[in-house]
Amino acid sequence: MQGKSTGPIKAGARPALASLVSSASWAYVDGLLGALYEGPLESPPWNTVLQMLRDGMRADHVTLMLRPPSAESSGVMISTGTTTVEATQSYETHFFSLDPFVRLDEGVVVSAEELIGKQWLDSAVYKEYLQPLGIRHLLGADIYTRDGIECRVRITRSHEAEPFSDEDKALCRLVLPHLKRSIQLHARLDSLESDRALFAGTINRLLLGIVSFAQSGQILEMNQEAKRILAEKDGLWLSGNTLTVDSVQEGRELQRIFKQVLSGQGEQGPGVVQALSVSRPSGRAKIGVLIRAIPPGPWSESKQRPAVAVFLRDPESSGSQPSQELVRRLFGLTRMEAQLALLLTEGLTLDEAAEQMNVRRNTARTHLRSIFCKTGVTRQTMLVRLLLNSVISLG
């Protein structure tokens, strides 16, 4: 097993690299590097560049272990070539622990036999896993980053094929530093996407509709609550990329505000905020509409970035009820007390809540006094405010 190293590539790599540059097609190398940096945007990531490497190196498989298997996790592997689900699963669940071809020095591209010796062909992972799959030659390189990412690149050929040449290894070395940078970009994008998904889910649970528009007025994104409100077409709906209102006066005001925020965003930034209420022909409570500019960052250049966000609130929207268990654990209430507290937050009176719980009014009042004692409030309105301002709406 080899330790990590961040030293320079060995001197023997230079002649092979020079040979690669003189013999390889520049169009191929250019396409390879382009695919490397487009890889984080693909699904699965780097599928194109792995296929290009497989073709360019006349390999049977090129596999990127984005997260190598371990005792705690099956890992994440991206592979090109014919691979059965059973073969992948057998490595992820068993053979990874027997594999001696791991933890290579960073920057080194080496075959299994060069690293381990002739005994490689006697190893369990070769005899019981690779050989039955028709794999004879194995080339590898590992990538490590300062933030703890460890990835493995493995390239294979069959028994009938020639061993990997110095030019093959030089091509792999050429790719490695770019692949490392691309993996770091992918990790950053993945982190940002996780944050976005977290906050988007939270906004949806808060029953706040959001529609984002580009500078051109094109809709970029719309969350579930916004889709629900607009799909009802009760006073407010979407016509193409335009928010349309039943009331002519309110419609004019909405378009005036939208244009004002859109045109003023560059100067006043996040201070550009406007709001209005939209009447609904059904007679239900008006929809609250707030329009806010999204100022560009200091280095923004894309015309497809959000420039304006429109927030929609339906006062009569009834989302999923917070769980009684969450309320019970958060405030130390009993099951009946938690049920009563939630009914009160829905706007029911104590008598209505008692009737729905199928208990007497005096019993409900006893539960309410206990709730007051446990939460530290003294009035029903204070209790409702406490619950609505707590984290139960995020559960």
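Trainee: Is Tyr-126 buried or exposed?
Mentor: Tyr-126 is buried, at a relative accessible area of 5%, where buried means under 20%, exposed over 50% and partly exposed in between, using a 1.4 Å probe and protein chains only. Bear in mind that this is a predicted model, in which local features need pLDDT of at least 70 and side-chain atom pairs count only at pLDDT 80 or more, while totals for chains, interfaces and linings use all residues. Residues are numbered from 1 along each chain as its sequence is written, and side-chain values use heavy atoms, with hydrogens and water left out.

Trainee: How many aromatic pairs does the structure hold?
Mentor: There are five aromatic pairs, counted when ring centres of Phe, Tyr or Trp (its six-membered ring) lie within 6.5 Å, with planes under 30 degrees apart called stacked, over 60 edge-to-face and the rest tilted. Take Phe-101 and Trp-120, whose ring centres are 6.1 Å apart and whose planes stand at 55°, so this pair is tilted.

Trainee: Where do Phe-101 and Trp-120 lie?
Mentor: Phe-101 is in the loop between α4 (85-93) and β3 (110-111), and Trp-120 in the loop between α5 (112-116) and α6 (124-130), so the pair ties together parts that are 19 residues apart in sequence. The helices (H or I, at least four residues) and strands (E, at least two) are DSSP runs numbered from the N terminus. Phe-101 and Trp-120 are both buried, and the relative accessible area of Trp-120 is 2%.

Trainee: And what about the rings of Trp-120 and Tyr-126?
Mentor: Their centres are 6.2 Å apart with the planes at 50°, so that pair is tilted too. Elsewhere, Tyr-91, Phe-95 and Tyr-129 make up one aromatic cluster.

Trainee: Switching topic, what is the strand order in the open sheet?
Mentor: The open sheet has five strands in the order β2-β1-β5-β4-β3, with antiparallel pairing, and two strands pair if DSSP finds at least two bridges between them. At the edges are β2 (76-80) and β3, each of which pairs on one side only.

Trainee: How many bridges join β1 to β2?
Mentor: Five bridges link β1 (residues 61-67) to β2, and these strands run antiparallel; Thr-63, for instance, has Ser-79 in β2 as its bridge partner.

Trainee: Which helix packs on the sheet?
Mentor: That is α7 (residues 166-205), which touches β1, β4 (135-144) and β5 (150-158), contact meaning heavy atoms within 4.5 Å. The direction of α7 makes about 45° with that of β4, the axes being lines fitted to C-alpha atoms, for helices over the stretch in contact, and angles running from 0 to 180 degrees between N-to-C directions.

Trainee: What does Ser-158 contact, leaving aside neighbours within four places in sequence?
Mentor: Ser-158, which belongs to β5 and is buried at 15% relative accessibility, is in contact with Asp-60, Gly-134, Arg-136 and His-137 when those neighbours are set aside.

Trainee: And where is Ser-212?
Mentor: Ser-212 is in β6 (residues 209-213) and is buried, with a relative accessible area of 10%. Not counting residues up to four places away in sequence, Ser-212 touches several residues, among them Gln-218, Glu-221 and Pro-306.

Trainee: Last one: which residues in α14 are buried?
Mentor: In α14 (residues 380-388), Leu-383, Val-384 and Leu-387 are buried, and what covers the buried residues of this helix includes α10 (324-331), α11 (335-345) and α13 (361-375). Gln-89, by contrast, is in α4 and is partly exposed, at 44% relative accessibility.
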